[in-house]
Amino acid sequence: MSTSLNPAQRRAAEILEGPVLVIAGAGTGKTHTLVHRLVKLVESGVAPESILLLTFTRRSAQEMVARAAKMLGDEREPVAGGTFHSFANLTLRRYGRDIDLPSNFTILDQSDVFEILSGIRTELKLTDEGLDLPRRETIAAIISKSINQQAPIEDIVAREYSQFFNITDYLGIAASRYEKYKSEHNLVDFDNLLVLLIRLLEQSDEARARVHDRCRYVMVDEYQDTNVLQARITHLLAGESRNLMVVGDDAQSIYAFRGANHRNLFDFKESFPDAELVTLEENYRSTQPVLDVANALMVQMSEAFQKRLFTKRAEGTRPLLVECSNEQEQAVFVAEEIGRLREQGIPLSEIAVLFRASRHAFALEVELGGHAIPYVKYGGFRFMESAHIKDVLAHLKLVERPEDDLSLSRVLLMRDGIGKKGAKQILDAVSGLSLVKSLRSYKARGKVRASLDELASFLESIEPLREAPPRCLEAAVEAFDPLIKTRYDDWPRRKRDLETLVGLVERYRSLPSMLTDLTLEPPNAARGQGLASNAPRSELVLSTMHSAKGLEWKAVFVIQAQDGFIPMISGFNTEREEDDEEALDEERRLLYVAVTRAKDLLYVVWPRDTARSRYSWPMPSRFIERIPEEYFERCDAHDWLA
């Protein structure tokens, strides 16, 4: 069995007693190692039912357990494997009565949570008629982050939802009422499962002893992605035997926005100072030139476990660092190069384009449509499927085609006082008539009258700009500004999307041409399933860096690698230097994850000029600038395309 393991993997698999910390670099075969350790434990006489494997997806746990069972033979008893939440559910059902939790509690799904919060939101608005609360989904997100990060509501709001800072007290009241409602009705949500499990293990000696007796050997995968609650559960599960192995990579901790705490790996070593430390460094995915770039990123981190990735695949070309004049040239370069790789026999499914934020791929999406390159996008909506972009473009479509009932209906429904029934009546009344005149003459009062006059005035004012599409769009975005703040809780992010859109259309001189390019239906619709789906794909993959974690492709393009976009400075808290340092490290880790997705070919592409960003500079990412020059082949996109 051990012949298929390298020395470091074998050492990790054969340490069976006491605390163990495995730092597994990208592509170093940690799953293979975990499976072999499961097998080794059982072969050494450990009862399979006394082994607990905790992962972040049920599928991952099932796959590892199935592989171990296959190596052991089907007659073996199964190892207990699952997520933190599934383990918490089973444990609370068995022993929850020790903390006065009935075993027949109901677990709330997301729609249940939204329904409860909707009622609480309505109650609060009745107590204060002028109260402008965020939508129930936003309230749910704030409460969840507060629990998972073990931070007060006011800290979460100040850090991530500053647009609601003036109603922080009301959000705290909403959270208190939500907790009270769950308690009174024997309801538990996903976050409660972890909190209640901690309470059980801390307060009930009997329950804790039974859990320790049942789970004598505990293994936790992807430990760098655990939050403070999951880390506490892990420590509580160790028991007196302390037979606990955690596996993770500090360089791949990229989910702070979900509550993950990269410090958990470092704290583990502090809590278990005698823990065996095993570092997996031999990479089975990438060529050495790609790994040289990854290693150069790792040494920049302010705090890290020392490791140097290496591979026996010493051959390979140096990654290409491509400078483009602007985002449009970046899009043309990437589309043309993908076409060239395709002609060389690399299937589209073996090529990925990775970016920091969904909007960074907008220009590329339009260009791919022009090249008839099918793609699937993960980690955000396709450009034209974003509701706020549809909202703005609906106004421009009315300028181009006043008889466009679909766009008029969308525009009307955005306005104050106009519902579906009212919009239908207005549509019927203006059909076949001059749109602006009929809107002004339509018989209405109050809010509806004001909304129709505002729309008519806007259409009149924008008509002279139709020959200058960028200015036309700019005027529409400006007019939409008051509406976006009432329609979307995350309006700051959506405003940045619209600013990007304005910059991307600078080259257009015809409104019909611009609208046609932007609304052209791409070859394939966006998919809802995650990247880890087993469904066969024949399309190019566009993905945010976050969504690409755990995947690999033969060729990877990292685009928009301009300083200010990587790292994405616009999201930083500039008031606290220590927060910025942590944020910079997280951004650096994110680029490391993107780079290590590449098996053979890596392109890092950056545009000198970008669309209306206040936080970018005409230079490559500061992380790239600190990498030795000899690690890249550098070129100008203009020369390459020529």
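1. Let me start with helix H9 (residues 190-203) and helix H10 (residues 205-214), whose axes come within 5 Å and cross at roughly 100 degrees. The axes are lines fitted to C-alpha atoms, for helices over the stretch in contact, and the angles run from 0 to 180 degrees between N-to-C directions. On the H9 side the contact (heavy atoms within 4.5 Å) is made by Leu200, Leu201, Glu202 and Gln203; on the H10 side by Asp205, Ala207, Arg208 and Val211. By class that gives four nonpolar, one polar and three charged residues. Here Ala, Val, Leu, Ile, Met, Phe, Trp, Tyr, Cys and Pro count as nonpolar, Asp, Glu, Lys and Arg as charged, and the others, Gly among them, as polar.

2. A word on the basis of all this. This is a predicted model, in which local features need pLDDT of at least 70 and side-chain atom pairs count only at pLDDT 80 or more, while totals for chains, interfaces and linings use all residues. Residues are numbered from 1 along each chain as its sequence is written, and side-chain values use heavy atoms, with hydrogens and water left out. Helices (H or I, at least four residues) and strands (E, at least two) are DSSP runs, numbered from the N terminus.

3. Now the domains, with bounds from an automatic or database domain assignment. The chain is divided into domain 1 (7-93 + 192-280), domain 2 (107-185), domain 3 (288-381 + 535-641) and domain 4 (384-523). Taken over C-alpha atoms, the centres of domain 1 and domain 3 are separated by 32 Å. In the contact of these two domains, 22 residues of domain 1 meet 18 residues of domain 3.

4. Tyrosine 255 deserves a look. It sits in the loop between strand E7 (244-248) and helix H12 (263-271), and its relative accessibility of 11% makes it buried (under 20% relative accessible area; exposed is over 50% and partly exposed in between, with a 1.4 Å probe and protein chains only). Leaving aside neighbours within four places in sequence, tyrosine 255 is in contact with Asp225, Ala260, His546, Lys549 and Glu586. Its C-alpha atom is 9.3 Å from that of leucine 590, 335 residues away along the chain.

5. Aspartate 585 belongs to helix H25 and is buried, at a relative accessible area of 5%. Beyond its neighbours within four places in sequence, aspartate 585 is in contact with Met301, Ser302 and Glu303.

6. Helix H6 (residues 136-148) has 13 residues and reaches 18 Å from its first C-alpha to its last, close to the expected 18 Å; the expected span is 1.5 Å times one less than the number of residues. Among its buried residues are Ile139, Ile142, Lys145 and Asn148. The buried residues of H6 pack against helix H5 (110-127), helix H7 (153-160), helix H8 (168-184), H9 and H11. Just after H6, glutamine 150 takes a positive phi of about 50 degrees.

7. For helix H20 (residues 446-462), the 17 residues should span 24 Å, and the end C-alpha atoms are 25 Å apart, which agrees. Its buried residues include Arg449, Ser451 and Phe458. The partners of the buried residues are helix H16 (387-400), helix H17 (405-414), helix H18 (420-430), helix H19 (435-441) and helix H21 (469-487). In the loop between H17 and H18 lies glycine 419, partly exposed at 34% relative accessible area.

8. Most residues other than glycine have a negative phi, and most peptide bonds are trans. Glutamate 222, in the loop between strand E6 (217-220) and helix H11 (228-238), has a positive phi of about 50 degrees and is buried at 19% relative accessibility. Alanine 372 has a positive phi near 55 degrees; this residue is in the loop between helix H15 (362-370) and strand E11 (375-378) and is exposed, at 53% relative accessible area. The peptide bond from isoleucine 566 to proline 567 is cis, with omega near 0 degrees, and proline 567 lies in the loop between strand E13 (553-558) and helix H25 (577-595).
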